[in-house]
Amino acid sequence: MGRSQETFGKKDNEKKRAKKKTEKEERKAERQANAKAGQPLEEMFAYVDEDGNISATPPDPKKKRIIKDEDIQIGVARRTDDDDDDPVRTGIVSFFNDSKGYGFIKDQTTQESIFVHANGLASGPIGENDKVTFEVEMGPKGPNAVRVKKASATPPPAPAAPAAPAA
């Protein structure tokens, strides 16, 4: 029987695989030689300092603060019921597209941007930078402004007319 034909590419690939295997074995032997067997427990500890950074030195016991479990907040603080006392909010229209009939109102108290649709307008049309009052209802994609009205701005007092000279 004849020998199977080996191409140059096959020989080259086999050499690369053999080289990778020997390099891997060398790295493994190096890791085993440099391994610190039997380290004392203190060397394996990691500490967290007062700023939250990981360090190898233990913290100063004089700087220790005791934190109660109930003071730790994970996530967002719960919303209290007294937040919704007045459902009518005020805000400024930051964007409104008349042709498509939607826009956004920036709430003056929370500074959040709330979506408004033309169907939610209670009075006439609104435009950008208009001061408005509105209520918020949750829609399928988040909060929506409804019953939107232009805020009734009290006009500034009229300047007094100059007195006419007496003749």
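I took a salt bridge to be a side-chain nitrogen of Lys or Arg within 4 Å of a carboxyl oxygen of Asp or Glu. By this rule I counted 6 salt bridges.

The model is predicted, so I read local features only at pLDDT of at least 70 and side-chain atom pairs only at pLDDT 80 or more, while totals for chains, interfaces and linings use all residues. Residues are numbered from 1 along each chain as its sequence is written, and side-chain values use heavy atoms, with hydrogens and water left out.

**Entry: salt bridges**

I looked up Glu14 and found a salt bridge with Arg17, the closest N and O atoms being 3.5 Å apart. Glu14 and Arg17 are separated by about one helical turn, because they are 3 residues apart in helix H1. Helices (H or I, at least four residues) and strands (E, at least two) are DSSP runs, numbered from the N terminus. I noted Glu14 as partly exposed, at a relative accessible area of 46%; the classes are buried under 20%, exposed over 50% and partly exposed in between (1.4 Å probe, protein chains only).

Next I took Arg89, which forms a salt bridge with Asp107 at 2.9 Å between the closest N and O atoms. This pair links distant parts of the chain, with Arg89 in strand S3 (residues 89-97) and Asp107 in strand S4, 18 residues apart. Asp107 counts as buried, because its relative accessibility is 0%.

Arg147 forms a salt bridge with Glu137, and their closest N and O atoms are 3.2 Å apart. Arg147 is in strand S7 and Glu137 in strand S6 (residues 131-139), so the pair ties together parts 10 residues apart in sequence. I logged Arg147 as partly exposed at 41% relative accessibility, and Glu137 as partly exposed at 38%. I also recorded a network: salt bridges that share partners join Arg89, Asp107 and Glu112.

**Entry: strand S5**

Which residues of strand S5 (residues 113-117) are on the covered face, and which on the uncovered one? I found Ile114 and Val116 on the covered face, and Ser113, Phe115 and His117 on the uncovered one.

I then checked the neighbours, where two strands pair if DSSP finds at least two bridges between them. Strand S4 (residues 102-107) pairs with S5 in the antiparallel sense over 5 bridges, and Gly103 stands opposite Val116 in S5. The hairpin of S4 and S5 has 5 residues between the strands, and in it Gln111 takes a positive phi near 60 degrees. S5 and strand S7 (residues 142-150) pair in the parallel sense over 2 bridges. There Val116 stands opposite Ala145 in S7.

**Entry: surface patches**

For patches I used residues with over 30% relative accessible area and no salt bridge, joining like charges within 9 Å and nonpolar side chains (Val, Leu, Ile, Met, Phe, Trp, Tyr) within 5 Å. Lys and Arg count as positive and Asp and Glu as negative, with His and the chain ends not counted. I placed each charge at NZ of Lys, CZ of Arg, CG of Asp or CD of Glu. Accessible areas come from the Shrake-Rupley method with a 1.4 Å probe, and for residues only the protein chains shown count as cover.

I found a patch of positive charge on the surface where Lys24, Arg27, Lys28 and Arg31 gather. Lys28 has its place in helix H1 (residues 8-34) and counts as partly exposed at 47% relative accessibility.

I found a nonpolar patch on the surface formed by Leu41, Met44 and Phe45, with about 320 Å² of accessible area together. Phe45 is in the loop between helix H2 (41-44) and strand S1 (47-48), and is partly exposed with a relative accessible area of 41%.
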